[in-house]
Amino acid sequence: MSGGLVADDRTVPDRVKDRWAQFEPALTRLLLLGAFSLSLLAQFVTPVGDALEGKVYLGGALFTLVGYVLYDAVRDLRSTLQPAARQEVRAADLGQHFTEALASDPRIDAVGFTGETVVEQLKLCLERRDVRGHPQVRLRIIVPDFGRPMEVPGQIVGGKAEDDPDLRLELGEKVRGYAYAMRALDRRLRHDRRGELDAEFRVLHISPFLKFCLIGRDELFDGIYDQVVRGPASHPPEREVLDLMGYDALLTHWHIDSGAAAREKIRQRGLLFDTLWGVARPLDPGG
């Protein structure tokens, strides 16, 4: 919407935190400088010292002056230790974040093209023999409904995109293969008493360009499939197809502890996933 005011839909606590962050530096400096000035004045002006009934004013003055000088350094250190509001990570690096989340029995929600990015990284993570504890993971993935016509992915006919039933069948089989791999992994984990994996795929007739992954409602990895590739089909009859690539794409990583912008982005994606999940259909395991 142009020419109007953008509504501030942040929660009241978020607005209060942002306002405090804006005024905190100046207020803290003012208090420290005031304490220093008062202590120094009390040291040399007897009436002031008598009024305060103190005796170690000079030490207090020096202490507050040191605090004033070091204040910026402490703030910079805190900023360094706190996660950035957002950062870019490769999709292939999701595994390390999954591994870190296993201690809390995570719920992983994802929207993708076939689910490959999340499935492959989670599989590598859970198959490691040094995984501690008995993680219980709930995985939910939404993928496009490859049982319905679509032009991307599709085939090129006369220079224009058209639906390609054979390509859709191939992609649907790939998704069912990932779902089967997750069920097989769950059986192995339970048999070895090393964990549990409750995985479910659902399909929805949506554009496959969007991709994101949520770990609980604490972390978000957000991106798109940024390459549409033209090339020969993988099997006869010979034809030119359009396919999407995104396994090596960069994802924007948001963490809930990184400020109001991160919290809002995670909240929005969480609401989007819950809405799509509610209207999506279970994956047909038999095609």
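Let me start with a definition: on a 1 Å grid over the protein atoms alone, a pocket is an open set of points with protein on both sides within 12 Å along at least five of seven lines, a cavity is a set of points where a 1.4 Å probe fits but cannot get out, and lining residues have an atom within 4 Å of a point. What you see above is a predicted model, in which local features need pLDDT of at least 70 and side-chain atom pairs count only at pLDDT 80 or more, while totals for chains, interfaces and linings use all residues. Residues are numbered from 1 along each chain as its sequence is written, and side-chain values use heavy atoms, with hydrogens and water left out.

First, the overall picture. The protein has seven helices and twelve strands, where helices (H or I, at least four residues) and strands (E, at least two) are DSSP runs numbered from the N terminus. Of the 287 residues, 38% are buried, and by buried I mean under 20% relative accessible area, with exposed being over 50% and partly exposed in between, for a 1.4 Å probe and protein chains only. Among contacts with a separation of 6 or more, 71% are between residues 24 or more positions apart, a contact being heavy atoms within 4.5 Å.

Now to the pocket. The largest pocket holds about 420 Å³ of space, a volume being the space filled by probe spheres set on the grid points, which are joined across faces, edges and corners. Its lining has 23 residues, and F113, K174, D243, L244 and M245 are the ones nearest its centre. Helices α5 and α6 and strands β9 (227-232) and β10 (240-245) each supply at least two residues of that lining.

Which elements each supply at least two residues to the lining of the largest cavity? They are β2, α5 and β7. This cavity has a volume of about 120 Å³, and the count comes to one cavity of 30 Å³ or more. It is lined by 16 residues, with V111, T117, V118, K211 and F212 nearest its centre.

Helix α5 supplies residues to the pocket lining and to the cavity lining, so let me turn to its geometry, taking the expected span as 1.5 Å times one less than the number of residues. For the twelve residues of α5 (residues 116-127) this gives 16 Å, and the end C-alpha atoms are 16 Å apart, which agrees. T117, V118, V119, Q121, L122, C125 and L126 are buried in this helix, and the buried residues of α5 pack against several elements, including α4 (94-101), β3 (136-144) and α6 (165-191).

In helix α6 we also find D186, which counts as buried because its relative accessibility is 14%. Leaving aside neighbours within four places in sequence, D186 is in contact with E196 and L197.

Finally, some backbone details to check. Most residues other than glycine have a negative phi, and most peptide bonds are trans. Against that background, a cis peptide bond joins V152 and P153, with omega about 0°, and P153 sits in the loop between β3 and β4 (154-157). D105, in the loop between α4 and β2, has a positive phi of about 50° although it is not a glycine, and D105 is partly exposed at 39% relative accessible area. R193, in the loop between α6 and β6, has a positive phi of about 55°, and R193 is exposed, with a relative accessible area of 70%.
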